[in-house]
Amino acid sequence: MKHLLKLLDLSTEEIIDILNLADQLKYELKHGIPHPHLKGKTLGMIFQKASTRTRVSFETGMYQLGGYPLFLSSNDLQIGRGEPVQDTARVLSRYLDGIMIRTFEQSEVENLAEFGNIPIINGLTDFCHPCQVLADLMTIREFKGSFDGLKMCFIGDGNNMANSLIVGGLKVGMSVSIACPDDYQPPKEILEFAAQYGDKFQMTNSPMEAAKGADVLYTDVWASMGQEGEAEKRKKAFAGYQINDELMAVANNEAMVLHCLPAHREEEITNKVFEEHANEIFEEAENRLHAQKAVMVKLMA
């Protein structure tokens, strides 16, 4: 494992190794055991999309690992003002020990990895969100004990979160169902991957059908960053794609609910269901810190 660009690149064993290390680092932090695995290392953090959780979790994680995080906004870089990404990659490789980038195009992440010679971590693109889903998988295993026999259901847009959840969920052995409107399905590359798993993957436009017997229900905002201009159109398209009491009634009795945040309550999830599962959701948010620390140690130590 040289980079974390997308979960499609990782084997099941690599994903489990990351989760096991994340569990260990979480235990050590809770028990005051220092783990300065990245002492003297510097992580450059490129943000072309803003984020509360990504910035705070990576900065805090890097400090806890003994390293130094360097925040780089789009205003600090020449990428958006004409400098080829391959030049940026080669320059930053001379200064830094690793780069986390949160951006729009998946190609920018792939190009940084191709032309640089330091580890690249995908903090989010329009195609996928591997760091979030590693935290999600960590949380599911914490609450459920293992992935064996579990069904995970995603309700909403076939977006970057759906893409990574499908890949991550299937690779660790869960069944995955997704409910999305016909015009908002995941891309061909993801559906072709999922087809290899036969009846362990289901896609439908019926949230009730997808949620039947689910052990984990997951949702995301209907309009992500950069899609605000079509928010009203999306509200109409996703009417009925809400996690609510009716949907929870067809899931398993002990089903957990996850949300990558920020949540638009009473849109993709009711306030009632959100608060009933707030412990799971905010443990999931915390686990971004531990999962990303594990990724940084695996790549940079």
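1. Helix α4 covers residues 106–115, and Gln106, Glu108, Val109, Leu112 and Ala113 in it are buried. Buried means under 20% relative accessible area, exposed means over 50%, and partly exposed is in between, with a 1.4 Å probe and protein chains only. The cover over the buried residues of α4 includes β1 (42–47), α3 (85–95), β3 (98–102) and β4 (120–124). Helices (H or I, at least four residues) and strands (E, at least two) are DSSP runs, numbered from the N terminus.

2. This is a predicted model, in which local features need pLDDT of at least 70 and side-chain atom pairs count only at pLDDT 80 or more, while totals for chains, interfaces and linings use all residues. Residues are numbered from 1 along each chain as its sequence is written, and side-chain values use heavy atoms, with hydrogens and water left out.

3. Helix α5 (residues 130–144) packs with helix α6 (residues 160–171) at an angle of about 50 degrees, and their axes are 9 Å apart. Axes are lines fitted to C-alpha atoms, for helices over the stretch in contact, and angles run from 0 to 180 degrees between N-to-C directions. The two helices, α5 and α6, are therefore oblique to each other. Angles under 35 degrees count as roughly parallel, over 145 as roughly antiparallel, 65 to 115 as roughly perpendicular, and the rest as oblique. The crossing of α5 and α6 is right-handed, a term used when the near helix is turned clockwise from the far one by less than a right angle.

4. On the α5 side, the contact is made by Pro130, Gln132, Val133, Asp136 and Leu137, and on the α6 side by Met161, Ser164, Leu165, Gly168 and Gly169. Contact means heavy atoms within 4.5 Å. Sorted by class, the contact of α5 with α6 has 5 nonpolar, 4 polar and 1 charged residues. Ala, Val, Leu, Ile, Met, Phe, Trp, Tyr, Cys and Pro count as nonpolar, Asp, Glu, Lys and Arg as charged, and the others, Gly among them, as polar.

5. Ser175 lies in strand β6, residues 175–179. Its relative accessibility is 25%, so Ser175 counts as partly exposed. Leaving aside neighbours within four places in sequence, Ser175 is in contact with Leu150, Lys151, Met152 and Lys200. The C-alpha atoms of Ser175 and Phe201 are 6.0 Å apart, although these residues are 26 apart along the chain.

6. The structure holds 17 salt bridges, each being a side-chain nitrogen of Lys or Arg within 4 Å of a carboxyl oxygen of Asp or Glu. Lys6, Asp9 and Glu110 are linked in a network of salt bridges.

7. Glu192 forms a salt bridge with Lys188, with the closest N and O atoms 3.7 Å apart. Both residues lie in helix α7 (residues 188–195), 4 residues apart, about one turn of the helix. Glu192 is partly exposed at 46% relative accessible area, whereas Lys188 counts as exposed at 62%.

8. Glu230 and Arg234 form a salt bridge in which the closest N and O atoms are 2.9 Å apart. Glu230 counts as partly exposed at 31% relative accessibility, while Arg234 counts as buried at 5%.

9. Arg265 and Glu275 meet in a salt bridge through their side chains (2.5 Å, N to O). Arg265 lies in the loop between β9 (256–259) and α11 (271–276) and Glu275 lies in helix α11, so the pair ties together parts that are 10 residues apart in sequence. Arg265 is partly exposed at 36% relative accessibility, and Glu275 is partly exposed at 43% relative accessible area.
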